[in-house]
Amino acid sequence: MAAHPSPDAKVDLDCVDADLCARPAAPADGSDNGNADYLSVDIRYEERDSAHVHVSGGTSN
């Protein structure tokens, strides 16, 4: 069974350096409080039952 990185994210199988990737929506609260404006999740399957998961995010300000 494939992992799903976020309930609201569209999972993409056409990733450059990963087996699965997604760009889930960052929570928007309308303030400049340092919360992430964008998120990225890349999953690369490794041996047997393990995977390398890379999560990144940032702000546009």
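Which residues form a disulfide, and how far apart are their sulfur atoms? Cys-15 and Cys-21 do, with sulfur atoms 2.1 Å apart. This is a predicted model, where local features need pLDDT of at least 70, side-chain atom pairs count only at pLDDT 80 or more, and totals for chains, interfaces and linings use all residues. Residues are numbered from 1 along each chain as its sequence is written, and side-chain values use heavy atoms, with hydrogens and water left out.

**View 1. The disulfide of Cys-15 and Cys-21.** A disulfide here is a pair of cysteine sulfur atoms within 2.5 Å. One turns up in a search of the whole structure. The S-S torsion of Cys-15 and Cys-21 is about -95 degrees, so the disulfide is left-handed.

**View 2. Burial of Cys-15 and Cys-21.** Cys-15 is buried, at 16% relative accessibility. Cys-21 is buried too, with a relative accessible area of 8%. Buried means under 20% relative accessible area (1.4 Å probe, protein chains only).

**View 3. An open sheet of three strands.** The strand order is S1-S2-S3, with antiparallel pairing. Strands S1 (20-22) and S3 (51-58) are the edges, each pairing on one side only. On average, neighbouring strands are turned by 10 degrees against each other, direction ignored. Axes are lines fitted to C-alpha atoms, and angles run from 0 to 180 degrees between N-to-C directions. Strands are DSSP runs (E, at least two residues), numbered from the N terminus.

**View 4. Strand S2 against S3.** S2 (residues 38-45) and S3 pair in the antiparallel sense over eight bridges. Pairing requires that DSSP finds at least two bridges between two strands. Asp-42 has His-54 in S3 as its bridge partner.

Conventions. Buried < 20%, exposed > 50% of the residue type's maximum accessible area, 1.4 Å probe, protein only. Helix = DSSP H or I, 4+ residues; strand = E, 2+ residues; numbered from the N terminus.
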